[in-house]
Amino acid sequence: YYQVEGCAYFGFTSAWAFSQIYKNGSGYTFSVVNFHSGDTTDGEAASPNVSAVIDMNGSSDYLEIYVYQSTTGTPQIEASSASHFGAYKLIGV
């Protein structure tokens, strides 16, 4: 088993922000932040965190994270220390 977590830091967006973990190409779990605001100058941000304990076989299983926002235009995902993806093997579980 592995503790898996991920997050993307979205700058201001008047949309939904999603983070989703995939195992072997299929959606496993996700997080959604409803981020609607009428004021586009307020400098707000959103960070949908997603995490799960996932059973993996250790040889052929693989993980991916996809992040996106539900609006047209330029994506507002920002590179920062708040954006990350990691997996940690759990011993004795």
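Predicted model: local features only at pLDDT ≥ 70, side-chain atom pairs only at ≥ 80, totals over all residues.

Colleague: Where does Gln20 lie, and is Gln20 buried or exposed?

Modeller: Gln20 lies in strand E3, which spans residues 15-23, and with a relative accessible area of 14% Gln20 is buried, because buried means under 20%. As a general idea, the side chains in a regular strand alternate between the two faces of the sheet.

Colleague: Which residues does Gln20 touch, not counting residues up to four places away in sequence?

Modeller: With those residues left out, Gln20 touches Gly27, Tyr28, Thr29 and Phe30, and also Glu64, Ile65, Tyr66 and Tyr68.

Colleague: Turning to the pairing of strands, in which sense do E1 and E5 pair, and over how many bridges?

Modeller: Strand E1 (residues 2-7) pairs with strand E5 (residues 49-54) in the antiparallel sense over six bridges, and within that pairing Tyr2 has Ile54 of E5 as its bridge partner. E1 also pairs with strand E8 (residues 84-89), again antiparallel and over six bridges, with Ala87 in E8 as the bridge partner of Val4.

Colleague: Which residues make the nonpolar surface patch, and why is Val93 called exposed?

Modeller: Tyr1, Val53 and Val93 make a nonpolar surface patch of about 300 Å². Val93, whose place is in the segment after E8, is called exposed because its relative accessible area is 65%, where exposed means over 50%.

Note on methods
Residues numbered from 1 in each chain as written. Heavy atoms only, no water. Helix = DSSP H or I, 4+ residues; strand = E, 2+ residues; numbered from the N terminus. Buried < 20%, exposed > 50% of the residue type's maximum accessible area, 1.4 Å probe, protein only. Contact = heavy atoms within 4.5 Å. Pairing = 2+ DSSP bridges. Patch = residues over 30% accessible without salt bridge, like charges linked within 9 Å, V, L, I, M, F, W, Y side chains within 5 Å. Areas by Shrake-Rupley, 256 points an atom, 1.4 Å probe, with all protein chains shown as cover. Salt bridge = Lys/Arg side-chain N within 4 Å of Asp/Glu carboxyl O.
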